[in-house]
Amino acid sequence: MFPPFDPDLDVVTLARALIGARLLVRGAGGLIIETEAYALDDPASHSFRGLTPRNATMFGPAGHAYVYRSYGIHLCLNVVGRRGEAVLIRALAPDAGLEQMQARRGQGPLCAGPGRLAQALGIEPDDDGKAFDGRELQLIPFADTGPALWRGPRIGISQAQERPWRFGLAGAKGLSRPFPRQQG
DNA sequence: CCAACGATTCGCT
DNA sequence: GCGAATCGTTGGC
């Protein structure tokens with residue numbers, strides 16, 4: 001549910017807090033192992049140029065799902081934070097609804113990458129704007145103190161590449177891409 | 001109205 | 001490692 005996440009958390013803190021949390025979409029999901037933060041004064045963010053029909057959910061209340069279509073093909077799932085801020089969920093360690101996910105994804109990685117993750121979870125355009133209220137969408141915070149994190153530059157952006165706002169669960173299998181410190 | 005561009009993924013070289 | 005697929009959104013004319 002949302003709270004117990006603080007709706008006033010800055011988006012980078014929220015992105016870190018979501019690592020290790022449990023995400024369930026209509027019963028399918030698992031442990032969040034990779035996130036990225038997108039802020040309001042952030043050239044890489046959809047909200048940077050102000051409110052538009054597509055990004056309207058980013059300007060709505062915290063704790064709702066911002067779903068958008070990428071490259072005309074894939075869907076991506078975000079958790080909205082403060083006004084104009086959102087956290088992109090990039091990878092899960094799936095452990096619930098595995099059969100369903102496999103049926104949607106076929107062979108290959110299930111939840112490593114935002115497009116794959118959205119497909120595995122059965123995310124639809126209609127999910128945009130829905131609340132993480134424990135009905136269709138559920139977020140369960142990591143119970144313990146914060147897990148060890150890896151941090152690095154965000155993936156696939158052309159602006160604000162200097163902001164290291166990608167976070168991963170240290171040592172996790174199933175990350176969408178290696179982190180810099182992971183490279184040998 | 002029109003053209004450019006992705007917060008990506010997959011398949012082939 | 002590279003390029004195609006694919007289409008809604010966005011911004012400029």
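**Close-up 1. The surroundings of DNA strand B.** In this predicted model, 20 residues surround DNA strand B, and the closest are His46, Tyr68, Asn78, Gly115 and Arg116. A residue is near the strand if one of its heavy atoms lies within 4 Å of it. Sugar and phosphate make up 50% of the atoms of DNA strand B that come within 4 Å of the protein. By type, the residues of this surface split into nine nonpolar, eight polar and three charged (nonpolar: Ala, Val, Leu, Ile, Met, Phe, Trp, Tyr, Cys and Pro; charged: Asp, Glu, Lys and Arg; polar: the others, Gly among them).

**Close-up 2. Polar contacts with DNA strand B.** Here we zoom in on pairs of N or O atoms within 3.5 Å. Arginine 105 has a polar side-chain atom 2.9 Å from a phosphate oxygen, while a polar backbone atom of alanine 44 is 3.4 Å from a base nitrogen. Helix H3 (114–121) is one of the elements giving two or more residues to the surface near the strand, and H3 gives the most, with three. Helices are DSSP runs (H or I, at least four residues), numbered from the N terminus.

**Close-up 3. Helix H2 against H3.** Met101, Arg104 and Arg105 in H2 meet Arg116, Gln119, Ala120 and Leu121 in H3, where contact means heavy atoms within 4.5 Å. These residues divide into three nonpolar, one polar and three charged.

**Notes.** Residues are numbered from 1 along each chain as its sequence is written, and chains are lettered from A and ligands numbered from 1 in the order written. Local features need pLDDT of at least 70, side-chain atom pairs count only at pLDDT 80 or more, and totals for chains, interfaces and linings use all residues, while side-chain values use heavy atoms, leaving out hydrogens and water.

Terms used. A polar contact is a pair of N or O atoms within 3.5 Å; within protein, one must be able to donate a hydrogen and the other to accept it, and residues adjacent in sequence count only if both atoms are side-chain atoms.
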